[in-house]
Amino acid sequence: MAVTLQQIAEAAGVSRGTVDRALNNRGRINPDVAENIKRIAKEMGYTPNRAGRALALSKQGIKIGMIIQSIETPFMKKLLQGVEEARQEIGQLGVGMEIRTLEGQSTGAAMVEMESLKQNGCTGLILMGTEDDNLVEKINAFADENIPVITFNSDAENSKRVCYVGQNSLQSGMAAGGLMSQILFGEKDVAVLSGYPLNHSHANRVRGFLREMQSCKPEAEIVDVRYVYDSNERAEQIAEELMRTFPKLGGFYVAAAGASGVCRAVEKAGKKGEIKIISNDLTDENIEELKSGLIQFLIGQDAHAQGHEPVTLMFSLLVDGVRPNRENLHTDIVIKTKYNV
């Protein structure tokens, strides 16, 4: 009997998608891991038959659907690169994929796309979760129809989704709170600007930040938590308003998109370096603000992995019947300063 990729994956202690990338020299993979996989494949007598595999899968009608919201943001554009790379990989194996992109975040619009993808023959869905009960019910209904759902970037943790791929957002917020408590001197106030109220990751970052600030620097008052809906213009206006209203303001935590707007407001007010800014995501814009000294810390979450891994996990589930070995597959929390970016 021919040796399968799944058998090699189990022997190497990695995912099936990682084995596929290693044996075909495609995608990002640690060189030592790739070498070990190739050695194990050789020892097991693996011989590839990709053409036959692709033909067999194409006849099964397997198709993956993916919904990406906030596509206009720099982070999601980076994430889409990982998705496209994974789509090419599974396409060579005979599995189709349909991607829907939405500007902004809307649970209602996402659920409309879910139904549309189902009607188009998608047998598994990948989407961003929210804390909206309607979406949880929709995911559960799909699961009951044997259409598995994987969440990425933002979870719907009380649903029947297969797994979540993304940062541990609560810990990310706690990291931001710990950092802010160390660089905030004197009797200073802090304001929080977040993205969308129902976005699970945005909400958890705020929760983690507030928790850690209370623990590490209880004397610092959190004057407000505002939502900017991924808009730099809105973030700039809110930051200007908060600086006028609270003269002791000494720090901004930007839990989602909008850091560039806050930076513009702080620079125009002549408070660069005086007001500390901590934000999420290693986008090109944010990195330039970090280098300039307007942002003190950036917290990265690996956009490429959040785009690529859900696709390979869904492929393994639909093709080989292999479920992820964990419910939460967390990407790294990476802390960058202008000295190590």
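**Exercise 1. Find which helices supply at least two residues each to the lining of the largest cavity.**

Solution. Start with the helices: α2 (16–23), α5 (74–91) and α13 (303–320) each supply at least two lining residues. Helices here are DSSP runs of H or I with at least four residues, and strands are E runs of at least two, numbered from the N terminus. Next, see who gives the most: α2, with four residues.

A note on the model: it is predicted, so local features need pLDDT of at least 70 and side-chain atom pairs pLDDT 80 or more, while totals for chains, interfaces and linings use all residues. Residues are numbered from 1 along each chain as its sequence is written, and side-chain values use heavy atoms, leaving out hydrogens and water.

**Exercise 2. Sort the lining of the largest cavity into nonpolar, polar and charged residues.**

Solution. First list the lining: Arg 16, Gly 17, Asp 20, Arg 21, Glu 89, Ile 90, Leu 93, Thr 312, Phe 315 and Ser 316. Then apply the classes: Ala, Val, Leu, Ile, Met, Phe, Trp, Tyr, Cys and Pro are nonpolar, Asp, Glu, Lys and Arg charged, and the others, Gly among them, polar.

**Exercise 3. Pick out what Ile 150 touches, not counting residues up to four places away in sequence.**

Solution. Look for contacts (heavy atoms within 4.5 Å).

Definitions and conventions: 1 Å grid on protein atoms, 1.4 Å probe; cavity = no way out; pocket = protein on both sides within 12 Å on 5 of 7 lines; lining within 4 Å.
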